[in-house]
Amino acid sequence: MAADVSANDARFAAESNPDVNAEKIGDVYAESLFGVLENEPKRIGEILEEFSDFITQALDAYPDFEQVLNSRLVSAEDKIGLLERVFGDKISPLFLNFLRVVAKHERLDCLRAIYQQTKKRQDILLGRIPVIVTAATPLKEEMLQKISASLRKMLKGDPEILHRTDPSLIGGLVVRVGDTIYDGSIAMQLKNICQNVIHHYVPEEEATKNS
C-alpha cells in the first residue's frame, strides 16, 4: 500500500503548485498553538516535548506511517481515525486535538515545520538562542561551556548549543547563529589562502578557468 501511495502522491505533487511553503504554514499553526497556551508557558514545554517524541518515535521510526499521514489520497477522516486509534491513550488530549485540527486542514505533511516554528517561538519566549557548533572532531564539554559563556556575553541571551562534527573542516570550528556564521576552521583559512595565491600570482585568464 505504501508504494502505491508514494507513486500516486508523486503524480499529485507534480500536478499541484502550492502557494505557501511549509515554513509559513508551520508558523501559522505555531502561532495558533501559542495562542491557546499563551498564559501557560509550562504547558508549551510539555506539548513541545510530546511533539518531539511524536516526530522521533512515530515519524522517524516509521517512514511508511508518515507517508500515509502526508498522503492526499487518504482522507482527513481516515487520518484522524488512525491517529485516535494509535495515539488516543498515549498522548495528551490537547496534543491529540491539535493533531486532529492539522489533519482536518490537510496539513499533516507540515508537522515537522510546525514543530520547528513552535520551538523557535518558545526559544524567543525564554530568551534562548539556538547555536550550531561544528568542529572537525568532537569537542569536550569544557570547551562547549567556554564557547557558551563567550556567546552569552556577545549575544545577550542564553545560547542553546547543538554540537556537530565534520572531518572536512580539518581543524578549528564553525559557529552558526541564525544566518550568521563565525568561521574559525583551518579549511576555510586554507581556501582563502589558495584564493589569494590565485588572485596575486596567476594570470587573470588562468584564474578565471580555475574559479
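User: Where does helix α7 lie, and at what angle does it run to β1?

Analyst: In this predicted model, helix α7, residues 111-126, lies across β1 and β2. Its direction is at about 110° to β1.

User: And what does helix α8 touch?

Analyst: Helix α8 (residues 141-155) packs on the sheet and touches β1, β2, β3 (173-177) and β4. The direction of α8 makes about 140° with that of β2.

User: What is the strand order in that sheet?

Analyst: The order is β2-β1-β3-β4. It is an open sheet of four strands, and the pairing is mixed.

User: Which strands stand at the edges, and why is one side of each left without a neighbour?

Analyst: The edge strands are β2 (158-165) and β4 (180-183). Each has a single partner strand, so one side of each has no neighbour in the sheet.

User: How many degrees does the twist average?

Analyst: From one strand to the next, the twist averages 20°.

User: Back to β1 and β2: is their pairing parallel or antiparallel?

Analyst: Strand β1, residues 128-135, pairs with β2 in the parallel sense, over eight bridges. Within this pair, Ile129 of the model stands opposite Pro159 in β2.

User: Changing topic to pockets. How much space lies in the largest one?

Analyst: The largest pocket holds about 600 Å³ of space. Its lining comprises 18 residues.

User: Which of those lie nearest the centre?

Analyst: Gln116, Lys120, Asp123, Pro130 and Ile132 lie nearest the centre of the largest pocket.

User: Which element gives the most to that lining?

Analyst: Helix α7 gives the most, with seven residues. The elements that each supply at least two lining residues are α7, β1 and β2. The helix that supplies these residues is also the one lying across β1 and β2.

User: What is the lining like by class?

Analyst: The lining of the largest pocket has nine charged, six nonpolar and three polar residues.

User: Which residues line the largest cavity?

Analyst: The lining consists of Leu69, Asn70, Arg72, Lys79, Val102, Ala103, Glu106, Arg107, Leu108 and Asp109. Helices α4 (63-70) and α6 (93-104) each supply at least two residues of this lining.

User: How many of the lining residues are charged?

Analyst: Five are charged, alongside four nonpolar residues and one polar residue.

Key:
Residues are numbered from 1 along each chain as its sequence is written. This is a predicted model: local features need pLDDT of at least 70, side-chain atom pairs count only at pLDDT 80 or more; totals for chains, interfaces and linings use all residues. Side-chain values use heavy atoms; hydrogens and water are left out. On a 1 Å grid over the protein atoms alone, a cavity is a set of points where a 1.4 Å probe fits but cannot get out, and a pocket is an open set with protein on both sides within 12 Å along at least five of seven lines; lining residues have an atom within 4 Å of a point. Ala, Val, Leu, Ile, Met, Phe, Trp, Tyr, Cys and Pro count as nonpolar, Asp, Glu, Lys and Arg as charged, and the others, Gly among them, as polar. Two strands pair if DSSP finds at least two bridges between them. Axes are lines fitted to C-alpha atoms, for helices over the stretch in contact, and angles run from 0 to 180 degrees between N-to-C directions. Contact means heavy atoms within 4.5 Å. Grid points are joined across faces, edges and corners, and a volume is the space filled by probe spheres set on the points.
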